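Me: I would like to learn how to read helix contacts and pockets. Where do we start?

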Amino acid sequence: MSDLVIPFPTLGHLLDSWLFQHVSIPDGWQRGEPFGQTRWQYWCTANHYQIREGVESLDGRPLGSQAFVYRKSLIIGPQKSGKGPWSAGIAAAEAVGPTQFIGWAKRGDAYRCADWGCPCGWEYAYEVGDPMGGRHPSPLMHLTALTIDQVDNVYGPLTEMVAAEPLSKLLLVRDDYVRIQGSSIGGKRDRIDAVTS
């Protein structure tokens, strides 16, 4: 989305490229093609991942949610506008993508998938001063709605996306959850659960 000007620091540019490289369109005529965000999806991603100006890591550790301007996002739109697949792509990114702010880029810095456990070989070169992203060390995610049919609006596309490479090398679909391949010791972390409220 190079024609959309984003006037604030965000991980949105990195995530837009990461989604295109790692996520496939889950259904329809373009099923299996790279997931390219529409303008409204890109704008929502950029805003949700907006970084507070001047934040720095604390003792070399990422700040987590405190680095971001917003802690939550609510997307409301008409049916068939792409909310479910976009949400599924963001869920995949939260599981194994660069959604954590880890500092400001210097000359020569890049996001390299190989550094974060992804074997695809993709790299993203930062501009000096860009916010840099990294993978969450122990994600535990709940896709929640009132009924399981409502959860399936996101969980269904997510499982289709996970079936394609390179996500299939990072995420494993189980009966009622997605296992995030990582270093979970007891099995209670590194997963995406489909739950009802």
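Reply: Start with the elements: helices (H or I, at least four residues) and strands (E, at least two) are DSSP runs, numbered from the N terminus. This is a predicted model: local features need pLDDT of at least 70, side-chain atom pairs count only at pLDDT 80 or more, and totals for chains, interfaces and linings use all residues. Residues are numbered from 1 along each chain as its sequence is written, and side-chain values use heavy atoms, without hydrogens and water.

Me: Which elements each supply at least two residues of the lining of the largest pocket?

Reply: A pocket is an open set of points on a 1 Å grid over the protein atoms alone, where a 1.4 Å probe fits, with protein on both sides within 12 Å along at least five of seven lines; lining residues have an atom within 4 Å of a point. Here the elements are α2 (39-48), α3, β5 (140-145) and α4. α3 gives the most, eight residues. The lining has 42 residues; K83, G84, W86, S87 and V154 lie nearest the pocket's centre.

Me: How much space lies in the largest pocket?

Reply: A volume is the space filled by probe spheres set on the grid points, which are joined across faces, edges and corners. The largest pocket holds about 1600 Å³.

Me: Which residues make the contact of α3 and α4?

Reply: Contact means heavy atoms within 4.5 Å. α3 uses G84, P85, S87, A88, G89 and A92; α4 uses N153, V154, P157, L158 and M161.
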